[in-house]
Amino acid sequence: MTHILAIDQGTTSSRAILFDAEMKIVGLAQEEFPQHYPDSGWVEHNPDDLWNCTLKVCREVLKTTGIVASDISGIGITNQRETTLVWERDTGRPIHNAIVWQDRRTAAFCRDWRERGDEEVVTTKTGLIIDPYFSGTKLKWILDHVDGARDRARRGELLFGTVDTWLIWNLTGGAVHATDATNACRTMLYDIHKGGWSSTICGMLDIPMEMLPEVRDCADDYGTTDLLGARVPILGVAGDQQAATLGQACFEPGMLKSTYGTGCFALMNTGETPVRSTHRLLTTVAYQLDGKPTYALEGSIFIAGAVVQWLRDGLGLIEKASETQGLAEASDPQQRVIMVPAFTGLGAPYWDAECRGAVFGLTRNTGPREMARAALESVGYQTRDLLEAMRADWQGEGDAATLRGSEEATLRVDGGMSASDWTMQFLADITDAPVDRPEITETTALGVAWLAGMKAGIYPDMEGFAAGWKLDRSFAPAMDEETRETGYAAWRRAVDATRSV
C-alpha cells in the first residue's frame, strides 16, 4: 500500500491522479463533463455526471498504470467549492441539478437580504459576505422551488452537500454524510469561530439543520469505498483552493498562493487568528488538523481561465487555450485594450453580482491578438486588486505583518494558466512582486494527496512536506513603474465604467 489516489473534481472536468510513496505523479486520468446554462447567469451540473465522471477516471487511472486498489493507502478528495446539491437519503437520487458556484440566480435575494441589515451578523459568524457565490442561498432556492422539498428536509428525507459530500456519500454507498471544515466554511451556514453550523443563519434562510453533513478535519476518517476493486479508506478532504494552499506548503502566516483555473483564487495564511477584512475579502478556514483551524484571507475572481474558454468556445478566436500566449506575444503594443470579464458579475473586492463583461479601447486594427492579450492581462489586473486588498488587511494587523505580509512577499502560483510564461511574467510585472511556479503545478491534487498520505502514515508531517517544496521558475518584475501604473489605472477606469452601466 504505497500509493495515494487524489480525486480532483473541478468545475469543467473530473480528474484522478495517482501519487507514489515519494509524492510523485505516476498516473492521471481526466474527463470533461457538460455545463448547463438554463437561464442568464445560471450555471448547473447534472449530479450524476459529477459522480459517474469521477468514478470513471478513478478506474481509468488504475487501469492505465497497472496499480490495483490494494496498493492504495488512501484517497484524498478535493473539489469545486460552494456548488450545491440536495438528494434523497434513502435512494441517493438528486432532487435538482447541482447549482454551481458561478451561478447568480439568487442575486436579487442577496441584495434584499443585505438591505435588511443582516450582513454584519453573517460576516461576523461566517467570515463571508452575503453573495450568490456561496451555498446557503443556493440551498434556499432549491428548497423554495422544488415542490415539498423543505418539508421533506425537515422530516430527514433530504440531504445537503457540497461536491465533496456528494462524492463521499456515493463512494461509501451512502454510509457517510460528511464534509470537512474548508468546504463547510464556504456554505455561509458555518460559524468559523465556534466550528459548527450556525442555527442563526440557518433560521434566516429557513434551512432545516437535519439535512446538513457532519463536519470533520481535513485529514480524517471519511469511511471506505469498495468500488475500485478493494476496500480503500478516504482519509483527506479539502476544498480546491485550500487544497492548493496545502500543496504550495503555505503553512506560515503571511504566505500567499494564487490558483488559476476556471476562476482565480488567492489565499493568504493568517495563522490561528481569523483576520476580519475591511476591504471586502473573505475570512476563511485554510485547513483544519487535529481539531485546530488555521485561517486565511481569500480573494475570489470568478473568471480567469474561463475567459480563455470564452475566446475559444464563445468567439471562436482560438482552437486551444495554449494559442493565447503566441497571440499575446504578437499583439500590437500600441493598443491598450482592456477586457473586464464580468460574465457572471465581479468577485472580490467588488462583489458586484449585477455587472456584466465589457471590452474597452477597441480600434479598427484590434483583432484576435489584442483580444487574447487583453484576456490574459485581465487575470493579472484582477490579481493585483486582490493582493492590494490583502496587504492592506494584513498590514493592519500590526507587527506580525512584517513576517511575510510585506509588498515584497512572493506569490506562489499554480493551476492551468500558470503554465503560460507570458501570463506569469505579466502577473509579476503588474503586481510588482516575484511570482514562483513550483515543479509540481498539480498543487490542488498534491494537497489532498498529502493529507491522505500523512493520515495513512506514508507521507511526512507538515515540516517535512514544506521542506520538499521545489521551484520550477521564478518570474521577477521587469515592467517600469509608469507603464505598470498607467495600465492599472486604465483597468480601474474600465471596472468603474462596467459597474456604472
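This is a predicted model: local features need pLDDT of at least 70, side-chain atom pairs count only at pLDDT 80 or more; totals for chains, interfaces and linings use all residues.
Seven strands form an open sheet with mixed pairing, and their order is β17-β18-β16-β15-β21-β22-β23. At its edges stand β17, covering residues 282-289, and β23, covering residues 471-475, each of which pairs on one side only. From one strand to the next, the twist averages 30°. Within this sheet, β15 (residues 256-260) pairs with β21 (residues 411-414) in the parallel sense over four bridges, and Ser-258 is found opposite Val-413 of β21. Helix α12, made of residues 368-395, lies across β15, β16 (264-271), β18 (292-301) and β21, and the helix runs at about 140° to β18.

Gly-247 belongs to helix α9, which spans residues 240-247. Is this glycine buried or exposed? Gly-247 counts as buried because its relative accessibility is 2%, where the cut-off for buried is under 20%. When residues up to four places away in sequence are left aside, Gly-247 touches Thr-443, Leu-446, Gly-447, Phe-465 and Trp-469. Thr-444 lies 197 residues away from Gly-247 in sequence, yet the C-alpha atoms of these two residues are 6.0 Å apart in space.

The largest pocket holds about 1,000 Å³ of space. Of the 43 residues in its lining, Tyr-260, Gly-261, Thr-262, Gly-415 and Gly-416 are the closest to the centre. The elements that give two or more residues to this lining are β1 (3-9), β2 (13-19), β3 (25-32), α9, β15, α10 (305-314), α11 (323-329) and α14 (443-456), and the most comes from α10, with five residues.

The second largest pocket, with about 500 Å³ of space, is lined by 22 residues, and those nearest its centre are Tyr-37, Gln-102, Ala-306, Gln-309 and Phe-343. Here too α10 gives the most to the lining, with six residues.

Taken by element, helix α9, which contains Gly-247, and strand β15, which pairs with β21, are among the elements that give two or more residues to the lining of the largest pocket. Helix α10 gives the most to the lining of the largest pocket and also to that of the second largest pocket.

Methods. Residues are numbered from 1 along each chain as its sequence is written. Side-chain values use heavy atoms; hydrogens and water are left out. Buried means under 20% relative accessible area, exposed over 50%, partly exposed in between (1.4 Å probe, protein chains only). Contact means heavy atoms within 4.5 Å. Two strands pair if DSSP finds at least two bridges between them. Axes are lines fitted to C-alpha atoms, for helices over the stretch in contact, and angles run from 0 to 180 degrees between N-to-C directions. On a 1 Å grid over the protein atoms alone, a cavity is a set of points where a 1.4 Å probe fits but cannot get out, and a pocket is an open set with protein on both sides within 12 Å along at least five of seven lines; lining residues have an atom within 4 Å of a point. Grid points are joined across faces, edges and corners, and a volume is the space filled by probe spheres set on the points.
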